[in-house]
Amino acid sequence: MADDYLVRIGKLIRDARQHRGWTQTQLAEALATSQSAVNRIERGNQNISLEMIARIGEALDSEIVSLGYAGPMHLRVVGRRRLSGSIDVKTSKNACVALLCASLLNKGRTVLRRVARIEEVFRLLEVLNSIGVRTRWINDGVDLEIVPPAELDMESIDAEAAIRTRSIIMFLGPLLHRLDRFKLPYAGGCDLGTRTIEPHMIALRRFGLDITATDNQYHAQVEPGISPDRPIVLTERGDTVTENALLAAARHDGATVIRNASSNYMVQDLCFFLEALGVRVDGIGTTTLTVHGVPEIDTDVDYSPSEDPVEAMSLLAAAVVTESELTIRRVPIEFLEIELAVLEEMGLDHDRTAEYAADNGRTRLIDLTVRPSKLEAPIDKIHPMPFPGLNIDNVPFFAAIAATAQGQTLIHDWVYDNRAIYLTDLNRLGGRLQLLDPHRVLVEGPTRWRAAEMMCPPALRPAVVVLLAMMAAEGTSVLRNVYVINRGYEDLAERLNSVGAQIEIFRDI
């Protein structure tokens with residue numbers, strides 16, 4: 001039992017250190033001890049006194065460490081507060097996790113600028129560190145440096161971290177170039193129903209990768225000398241399957257054609273990053289990509305991922321449901337144009353600036369000002385489509401927006417098995433949503449939101465939608481266990497507070 005507590009305390013210390021952006025050496029210096037001692041503490045291999053726990057908590061400015069195991073994070077939301085001012089969109093969660101996986105292609109040093117400091121990224125960093133990749137936050141914790149080892153230690157992979165992220169599936173594409181055999185834990189992430197990896201397997205078999213699944217692991221074997229002899233046609237136009245195919249093609253010596261490819265924002269960012277590594281990619285932004293791979297990549301690269309269109313949609317929805325005037329800066333407009341067109345038809349009052357370039361030099365940004373609007377339900381249903389259609393991850397936000405509009409809105413979330421069901425959690429807050437089947441919800445508006453205490457839905461976007469509705473509700477609401485929100489959003493509560501929200505973070509003690 002004591003050993004179990006030491007391991008739990010060690011993980012809390014490790015997480016707090018990583019949130020602070022410190023290395024083990026920096027924490028050791030603050031504590032006047034050695035890096036090896038910090039390493040033993042974080043692994044749960046060293047007894048520590050209450051005095052040492054308190055010193056660590058003070059050094060990291062972390063109440064979690066000083067209290068020991070604090071349990072899950074909750075939010076207390078005082079609603080009916082108008083937002084005002086301006087807020088910047090952070091870099092893309094989905095692009096950042098793809099680039100972390102892509103860093104395994106490179107034998108040189110990779111620096112990623114303004115990386116999203118979110119739980120999904122932290123889990124991938126834990127996996128990378130466990131197999132020998134050196135990572136550290138630099139420039140006051142803003143940027144991330146990644147240096148791979150000569151040989152990866154796959155036997156030491158952090159399975160607990162790996163199973164908490166579906167992004168681990170994107171290790172397959174890079175690893176098939178480095179190892180003849182390897183094992184990966186099953187992919188996890190949001191609870192969105194059954195999601196097969198067969199489309200990944202169909203694409204990666206063309207590079208000689210064979211997968212068998214046993215004992216909660218993927219057992220991978222690579223047959224040397226196998227390469228695509230004709231274009232790869234993806235059986236679904238998915239983002240991660242396209243990224244995996246790109247990662248596999250990047251170090252294949254020759255040209256690989258990928259058809260029915262996603263052209264979504266994270267795929268484009270990955271293509272831009274591959275070009276920075278010296279891999280030419282033709283057709284970026286289309287459904288046919290031609291990758292001119294190189295067998296070895298050993299270069300120091302510096303890359304800035306672009307802003308997150310789904311976070312931009314989240315902030316836009318926050319302004320709409322709270323009837324606020326809010327300026328959202330650094331919006332990647334190319335990936336939000338359909339959503340804005342639909343909202344314009346619903347009556348959204350907004351202004352946008354001229355376009356300007358993101359730090360990657362390729363993505364088009366605008367600043368968007370949203371004002372209180374009298375919205376009408378759209379004539380047509382809201383449904384996602386592959387880019388350039390309405391983004392799959394933006395569909396849930398239309399549930400909250402439609403609930404503020406006059407009339408009935410049909411939302412058809414055909415991609416995921418469970419997500420539409422989670423949207424009915426808005427009924428606990430006064431919404432009138434009727435579940436027609438596992439994929440379709442009928443939303444009746446306008447809504448008089450009311451406060452409630454409830455558990456966070458286990459899917460990222462519906463969880464944020466519930467938070468936004470609480471911000472619009474009369475009274476004080478409580479949203480319990482918000483880890484899933486922290487998977488995809490950096491300091492969301494604090495940032496919303498900076499523009500007028502009143503959200504308190506607390507834990508059960």
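How many positive and negative side chains does the chain have, and how far apart do the centres of the two sets lie? In this predicted model, there are 54 positive and 69 negative side chains. The centres of the two sets lie 1 Å apart.

The overall dimensions of the chain were examined next. The chain holds 19 helices and 23 strands. Its radius of gyration is 23 Å. The globule rule gives 23 Å for 509 residues, so the chain is as compact as a globular protein of that length. The C-alpha trace spans about 65 × 60 × 45 Å along its principal axes. Of the 509 residues, 56% count as buried. The chain exposes about 20,600 Å², and carbon and sulfur atoms supply 46% of this area. Contacts between residues at least 6 apart in sequence were also considered. Of these, 73% join residues at least 24 apart.

Helix α11 covers residues 239-250 and has 12 residues. From first C-alpha to last, α11 reaches 16 Å, close to the 16 Å expected at 1.5 Å a residue. Of its 12 residues, 10 are buried, so α11 is largely enclosed by the rest of the structure. The buried residues are V241, T242, E243, N244, A245, L246, L247, A248, A249 and A250. Their packing partners include helices α6 (93-102), α9 (172-175) and α10 (198-204). Strands β10 (254-259) and β12 (288-293) are also among the partners, as is helix α12.

Helix α12 spans residues 265-276. At 1.5 Å a residue, its 12 residues should span 16 Å. The end C-alpha atoms of α12 are 17 Å apart, which agrees. This helix is mostly covered, with 10 of its 12 residues buried. The buried set runs through Y265, M266, V267, Q268, D269, L270, C271, F272, F273 and L274. After α12 comes G278, whose phi is positive, near 100 degrees.

T363 sits in the loop between β16 (356-357) and β17 (364-371). The relative accessibility of T363 is 5%; because buried means under 20%, T363 counts as buried. Beyond its neighbours within four places in sequence, T363 is in contact with F272, S306, P332, F335, Y356, A357 and A358.

Note on methods:
Residues numbered from 1 in each chain as written. Predicted model: local features only at pLDDT ≥ 70, side-chain atom pairs only at ≥ 80, totals over all residues. Heavy atoms only, no water. Helix = DSSP H or I, 4+ residues; strand = E, 2+ residues; numbered from the N terminus. Expected span 1.5 Å × (residues − 1). Buried < 20%, exposed > 50% of the residue type's maximum accessible area, 1.4 Å probe, protein only. Contact = heavy atoms within 4.5 Å. Rg over C-alpha atoms; globule rule 2.2 N^0.38 Å. Areas by Shrake-Rupley, 256 points an atom, 1.4 Å probe, with all protein chains shown as cover. Lys, Arg positive; Asp, Glu negative; His and termini not counted. Charge placed at Lys NZ, Arg CZ, Asp CG, Glu CD.
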